[in-house]
Amino acid sequence: MALEPELFDALIDTVRRFVAERLRPLEAAVEAADAIPDAIVEEMKALGLFGLSIAEEHGGLGLTMAEEARVAIELGRTTPAFRSAFGTNVGIGSQGLVIAGTPEQKAHWLPRIARGAIITSFALTEPDVGSDSGSVKTRAVRDGDVYRLSGTKRYITNADKAQLFTVMARTGEEAGGRGVSAFLVPRDLPGVAIGEPEKKMGQKGARVADVIFDDVPVPAENRLGEEGDGFRIAMQVLDRGRLHIAAVCAGVAERLIADCVAYASERRQFGKPIAEHQMIQAMLADSKTEALAARALVLETAAAKDAGANTTMEAAAAKYFASEMVGRVADRAVQIFGGAGYIADYGIERLYRDVRLFRIYEGTSQIQQLIIARETLKRGG
């Protein structure tokens, strides 16, 4: 159910002010420390950001996809690392439970996830498995009332903080996704180990690390759905996550455009602000047009998803277009700022590095192209 318009408008206004007044002033500090201050995380919890997509009956805000996309656009106006602090709870770390969890599983986990008492993570990628996600090698072997889980997951967002992992593991001998099942794996089970956080190009403050499972005894009651349902669950989770990421990309683009307009209006060359030079205006026009198109595609697809339509193709198209678009906008922003765009003080080079990841995670641009083509052929045009 959608929020009352007045309540939703108040939420958007609160998030917008939180981004402008609390998050943006901390961007450089988060970059330097590669960490988000605990006090900010507590404020996020108080605002309900950890439970945006979780139903009210389980303690969340229960936003529709369209509402979640609007919030994600606002959160895109600051460094993406802030959103990542709660992003796994809103998206890939919780949605397997929302989609396929039993009433008992939901009642046990979702209220704590919604209030941020538990940080979740989604463990699909492996050292030898990335885009070919149906080929996971991590295995879960039934042993009475438990599954013995063994394998290594790689580049797992929030792994260093997570207390609960949704893990995709092979339970059958069938090739591809048919032999994959999904499990809820608490971090405190014996045999779970977390690697050192990776050093990354961008998005400092949002950490990724390996998760190693060494004969972990996972209770059979922690399986999500039936054996063999894992790949289907993962794809449904990613459909929603891709739309969320597309909305964030639209927000980052809007932030970059606003920064470019402010700078171009003040910076003078050849006796006038560079905003009056047509070549600068052309770059601003291209960026604004693409950002508007991305926003429209995201919101239209979100509304269709809320209406119950199959939006696999549209979500892939939104993620593909928006993630590629924000990369182009960031590149133009560096160009408009000139030398200043390459200097850390202005923050443009940081966002330029940050947005590069959007074209890779939750399905690379090339995977999105394959999905779009497959669905287009299936639908006959």
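Which residues have the most contacts inside the largest nonpolar core? In this predicted model, they are Leu256, Val326, Ile336 and Phe358, within a core of 42 residues. Two or more residues each come from helix 4 (65-75), helix 8 (230-266), helix 9 (278-306), helix 10 (312-337) and helix 11 (348-354). Helix 8 is the leading contributor, giving 14 residues. In soluble globular proteins, nonpolar side chains tend to be buried together.

Beyond its neighbours within four places in sequence, Ile336 is in contact with Cys260, Tyr263, Ala264, Ile274, Ile280, Met283 and Leu284.

The axes of helix 4 and helix 9 come within 7 Å and cross at roughly 150°. Because angles over 145 degrees count as roughly antiparallel, helix 4 is roughly antiparallel to helix 9. On the helix 4 side, Met65, Ala66, Ala69, Arg70 and Ile73 take part, and they meet Arg295, Val298, Leu299, Ala302, Ala303, Lys305 and Asp306 of helix 9. Sorted by class, this contact has eight nonpolar and four charged residues, with no polar ones.

Helix 4 also packs with helix 8, at an angle of about 35° and with the axes 7 Å apart; this crossing is right-handed. Here helix 4 supplies Met65, Glu68, Ala69, Ala72 and Ile73, while helix 8 supplies Arg240, Leu243, His244, Ala247, Val248, Ala250, Gly251 and Glu254. The class make-up of the contact between helix 4 and helix 8 is eight nonpolar, two polar and three charged residues.

Terms used:
Residues numbered from 1 in each chain as written. Predicted model: local features only at pLDDT ≥ 70, side-chain atom pairs only at ≥ 80, totals over all residues. Heavy atoms only, no water. Core = buried A, V, L, I, M, F, W, Y, C linked by side-chain atoms within 4.5 Å. Buried < 20%, exposed > 50% of the residue type's maximum accessible area, 1.4 Å probe, protein only. Helix = DSSP H or I, 4+ residues; strand = E, 2+ residues; numbered from the N terminus. Contact = heavy atoms within 4.5 Å. Axes fitted to C-alpha atoms, helices over the stretch in contact; angles between N-to-C directions. Parallel < 35°, antiparallel > 145°, perpendicular 65-115°, else oblique. Nonpolar A, V, L, I, M, F, W, Y, C, P; charged D, E, K, R; others polar. Left-handed = near helix turned anticlockwise from the far one by under 90°.
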